[in-house]
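Let us walk through this structure step by step. Keep the sequence at hand and turn the view as you read.

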Amino acid sequence: MRAMILEKAGQLLRQAELPKPEPGPGRILIRVRACAVCRTDLHVVDGELTQPKLPLVPGHEIVGTVAEKGAGAERFEIGDRVGIPWLGWTCGECSYCLWGRENLCDQARFTGYTIDGGYADYTVADQRFCFPIPDFYHDAAAAPLLCAGLIGYRSLVKAGDGKRLGIYGFGAAAHIVAQVARYQNREIYAFTRPGDDEAAKFAVELGAVWAGGSNELPPTKLDAAIIFAPVGELVPQALRAVGKGGIVVCGGIHMSDIPRFPYEILWEERSICSVANLTRRDGEEFLTLAPRVPVRTDVHTFPLEEANEALDRLRSGKIQGAAVLVTKATKPSD
Ligand SMILES: [Zn+2]
Ligand SMILES: [Zn+2]
């Protein structure tokens with residue numbers, strides 16, 4: 001099978017021919033149809049996340065069909081369409097797992113990071129961590145739901161029920177969260193890179209009531225803000241944008257250092273929290289909700305072999321919505 005592999009952080013992915021993996025007990029072999037490209041993949045490839053297995057097949061927003069089943073893997077039938085997210089395995093025994101917080105499991109394994117992922121024709125996954133994909137979505141459109149959607153949804157839940165919601169960084173996760181938040185009758189205030197008129201326009205198209213630069217303050221105090229951009233400077237900026245009791249949710253796995261800030265911008269019960277990984281319950285809730293909204297994903301497809309190009313476009317902020325690798329050779333849709 002074809003695979004794009006990372007051999008060393010900081011290097012380009014290399015196209016390789018690998019043997020098709022065998023599904024062990026409780027695991028399924030999946031013919032990958034589409035795999036979205038996540039900012040986390042960039043953090044892995046660039047070496048900001050420091051513990052990948054190497055060599056590694058990245059990719060953790062995978063949509064494909066079941067091609068083979070390992071011993072005892074009876075949850076899906078051959079040909080069923082499934083999605084594979086970032087959370088690939090948990091121990092089921094630690095206090096986090098037992099208390100419904102498997103996203104924090106001490107021994108968790110992650111798709112496309114500590115286990116091989118979906119930048120390939122085939123991949124293997126533990127059947128317990130796969131999700132059925134709603135029929136509403138075609139393969140490429142469903143792929144970004146599996147991380148941008150899930151992590152975005154978890155971030156939105158953490159942000160509470162407040163009506164006025166700020167979103168910093170208007171990429172793949174934001175474009176999904178904005179649709180859910182609008183469905184919930186919230187107002188979206190979109191913060192984009194100063195001068196990035198395209199991103200601001202995209203946010204307004206998705207229903208933002210206000211769009212401005214991330215260095216600006218909104219016209220009114222917000223109830224909550226979610227930061228998807230990996231930029232620590234945005235934390236004090238967002239604290240200044242939220243009102244009393246406001247919450248700032250950091251939705252990314254990696255962020256540059258947060259600069260010092262005066263206590264008065266945290267005072268009055270403002271809070272800051274992060275979102276780590278996902279639980280299977282997040283996935284079930286979100287994938288039930290998404291077709292009801294309905295969440296529509298804006299995807300730009302690349303053939304598998306152009307994974308480096310897709311990562312590069314994401315790194316330079318040149319992709320609106322989500323980049324998705326597809327395993328059939330097609331031309332980029334944009
Ligand atoms: Zn555990
Ligand atoms: Zn991701």
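The model is a predicted one. Now step back into α4 itself. Nine of its eleven residues are buried, and the helix is mostly covered. The buried residues are Ala148, Gly149, Leu150, Ile151, Gly152, Tyr153, Arg154, Ser155 and Leu156. What lies over them? The cover includes strands β9 (131–132), β10 (164–168), β13 (222–227) and β14 (242–250). Helices α5 (172–183) and α8 (280–289) are also among the covering elements.

Next, look at the zinc ion that is ligand 2. Which residues coordinate this zinc ion (ligand 2)? They are Cys38 through SG, His60 through NE2 and Cys147 through SG, at 2.0 to 2.2 Å. Along the sequence, the spacing of these donors reads C-x21-H-x86-C. Cys38 sits in the loop between β3 (27–37) and α1 (39–45), and Cys147 in the loop between α3 (139–142) and α4 (148–158), so the two tie together parts that are 109 residues apart in sequence. Are Cys38 and Cys147 buried or exposed? Both are buried.

Cys91 has a relative accessible area of 16%. Cys97 has 14%, and Cys105 has 7%.

How many disulfides does the structure hold? The number is zero. Take Cys273 as an example: it is in no disulfide, and the nearest cysteine sulfur, that of Cys250, is 7.2 Å away. A pair must lie within 2.5 Å to count.

The largest nonpolar core has 103 residues, and Tyr119, Leu165, Ile167, Phe170 and Phe286 touch the most other members. Strand β3 gives the largest share of this core, eight residues. A second, separate core has 17 residues, among them Phe191, Ala238, Val242 and Cys250. Leu165 shows how far one side of the sequence reaches to another. Leaving out residues up to four places away in sequence, Leu165 touches Leu156, Ala159, Val177, Ala181, Glu187, Ile188, Tyr189, Ala224 and Ile226.

Two polar residues complete the tour. Thr297 is in the loop between α8 and β16 (299–303). It is buried, with a relative accessible area of 15%. A polar atom of its side chain lies 2.7 Å from the backbone oxygen of Ala141. Beyond neighbours within four places in sequence, Thr297 is in contact with Ala141, Pro144, Leu145, His175 and Ile176.

Asp126 belongs to strand β8 (residues 122–126). This residue is buried too, with a relative accessible area of 9%. Its side chain makes a polar contact of 2.7 Å with the side chain of Arg128. Not counting residues up to four places away in sequence, Asp126 touches Gly26, Arg27, Gly88 and Trp89.

Methods:
Residues numbered from 1 in each chain as written. Chains lettered and ligands numbered in written order. Predicted model: local features only at pLDDT ≥ 70, side-chain atom pairs only at ≥ 80, totals over all residues. Heavy atoms only, no water. Donors = N, O, S within 2.8 Å, 3.2 Å for Na, K, Ca; no water. Helix = DSSP H or I, 4+ residues; strand = E, 2+ residues; numbered from the N terminus. Buried < 20%, exposed > 50% of the residue type's maximum accessible area, 1.4 Å probe, protein only. Contact = heavy atoms within 4.5 Å. Polar contact = N/O pair within 3.5 Å; in protein donor to acceptor, adjacent residues only side chain to side chain. Core = buried A, V, L, I, M, F, W, Y, C linked by side-chain atoms within 4.5 Å.
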